[in-house]
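Thanks for coming, everyone. Please look at the structure on the screen while I talk.

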Amino acid sequence: MDAHRVAVLALDGVLPLDLGIPVQIFGERSLPYRLTVCGPTEAVRTDSGFAIAPCADLAAVADADTVVVPGYEPAGHRPPEPVLDALRAAHRNGRRLVSICTGAFALAAAGVLDGRKATTHWWYTAALAADYPAVRVDPGVLYVEDGPVLTSAGVSAGVDLCLHILRRDLGARTANEVARALVAAPHREGGQAQYIQAPLAAPDGGSLAATRAWAMGRLAEPLTVPDLAARAGMSERTFARRFVAETGLTPLQWLLRARVELAKELVEEDAHGLDRIAERCGLGTAANLRLHFRRLVGTTPTAYRRTFAARS
């Protein structure tokens, strides 16, 4: 592979860790990349209070084969038009565009993500989807490759994405060697769904708050919609309509998510087997627990426990 030009575009409020990831990985001298850190101004303020001095201006974006936009704060801030114009021109010219964390907002503001699947840190996926409805936001994955545009979640997912790019460019052996040098996993199982604390509608909010709190204390029981409606003193039809209005979920969807959230806590903390955990969560059997856990969390209970279990 001939020297591949990588421009890391540092925007105002850049997150130092996000900036360091592509610099560390693509700046490795043994690899066939020529790295340039560029910015819209001579000094760029970081989110941590210090400034950096990029070694090039926006012209480096036009010269690059790959442009990486690290995350920045505040995420919803629209970059200056010269930055957006540079990103649009790079996209029109067939360059590979990459974002880490909230860097996806810059690509979205430039229109690069329109009609594409993309992701960002789970904390910001709802905001990205609301601000840019033309973007197909996937909140559950670590990174997305949609043609020449690649986006990733938070800091560690930026490492995952850069290693993925190395595998694409230079093969698995090189990517694995770099991963070992970083003391990082060459590939992580599951997506960022396993890191999300799923909001289940605050028990103390809305007219059905008491009913939800009652249900949260009885997840091991075989609760049904008629049970919940009777507890709320409503007809099933009225109850279901109000429940969706308050939570955005049907009663059964909410119950399932609540049970899986409880299962996550027990998998982290409980030494019992999966059958016992499934029973305590109201999911019945270990097989049923594995099915719903994989679907909602994006990984298996066993893999989740390895990642998050408390260590003595």
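I277 is buried, because its relative accessible area is 0%. Buried means under 20% relative accessible area, exposed means over 50%, and partly exposed is in between, with a 1.4 Å probe and protein chains only. Where is I277 found? I277 sits in helix α12, residues 274–281. Helices here are DSSP runs of H or I with at least four residues, strands are runs of E with at least two, and both are numbered from the N terminus. I277 and A263 are 14 residues apart in sequence. In space they are 6.6 Å apart, C-alpha to C-alpha.

A word on the source. This is a predicted model, where local features need pLDDT of at least 70 and side-chain atom pairs count only at pLDDT 80 or more, while totals for chains, interfaces and linings use all residues. Residues are numbered from 1 along each chain as its sequence is written, and side-chain values use heavy atoms, with hydrogens and water left out.

Now confidence. pLDDT is the predictor's confidence in each residue, from 0 to 100. The protein chain averages 88. Of the residues, 90% score at least 70. Look at residues 201–205, though. There pLDDT stays under 50. For that stretch the model has ten contacts beyond four places in sequence. Contact means heavy atoms within 4.5 Å.

On to the sheet. What is its strand order? The order is β2-β1-β5-β6-β10-β9. It is an open sheet of six strands, with mixed pairing. Two strands pair if DSSP finds at least two bridges between them. The edge strands are β2 (33–38) and β9, and each pairs on one side only. From one strand to the next, the twist averages 15 degrees. Angles run from 0 to 180 degrees between N-to-C directions, and axes are lines fitted to C-alpha atoms, for helices over the stretch in contact.

Strand β1, residues 4–9, pairs with β2 in the parallel sense, over six bridges. R5 has R34 of β2 as its bridge partner. Helix α1, residues 16–26, lies across β1, β2 and β5 (66–69). This helix runs at about 155 degrees to β2.

Now go to the other end. Strand β6, residues 96–99, runs parallel to β10, and three bridges join them. S99 has T151 of β10 as its bridge partner. Strand β9, residues 143–146, pairs with β10 in the antiparallel sense, over four bridges. Here D146 has V149 of β10 as its bridge partner. The hairpin of β9 and β10 has two residues between the strands. In that hairpin, G147 takes a positive phi near 65 degrees.

Which way do the side chains of β10 point? V149 and T151 of β10, residues 149–152, point one way. L150 and S152 point the other way. All four are buried. In a regular strand, side chains alternate between the two faces of the sheet.

H91 touches L97, V112, R116 and V149, not counting residues up to four places away in sequence. H91 is in helix α3, residues 81–92. H91 counts as partly exposed because its relative accessibility is 24%.

Next, the rings. How many aromatic pairs does the structure hold? It holds six. Rings of Phe, Tyr and Trp (its six-membered ring) pair if their centres lie within 6.5 Å; planes under 30 degrees apart count as stacked, over 60 as edge-to-face and the rest as tilted. F26 and Y33 form an edge-to-face pair, 5.0 Å centre to centre, with 75 degrees between the planes. F26 is at 1% relative accessibility, so F26 counts as buried. Y33 is at 9%, so Y33 counts as buried too. W122 and W123 also form an edge-to-face pair, 5.6 Å centre to centre, with 65 degrees between the planes. W122 is partly exposed, at 23% relative accessibility. W123 is exposed, at 60%. Ring pairs also link F239, F243 and W254 into a cluster.

Two of those names return in the last stop, a helix pair. The axes of α8 (residues 209–216) and α10 (residues 236–247) come within 11 Å and cross at roughly 90 degrees. The two helices are therefore roughly perpendicular to each other. Angles under 35 degrees count as roughly parallel, over 145 as roughly antiparallel, 65 to 115 as roughly perpendicular and the rest as oblique. From α8, the contact is made by A209, T211 and R212. From α10, it is made by F239, F243, E246 and T247.
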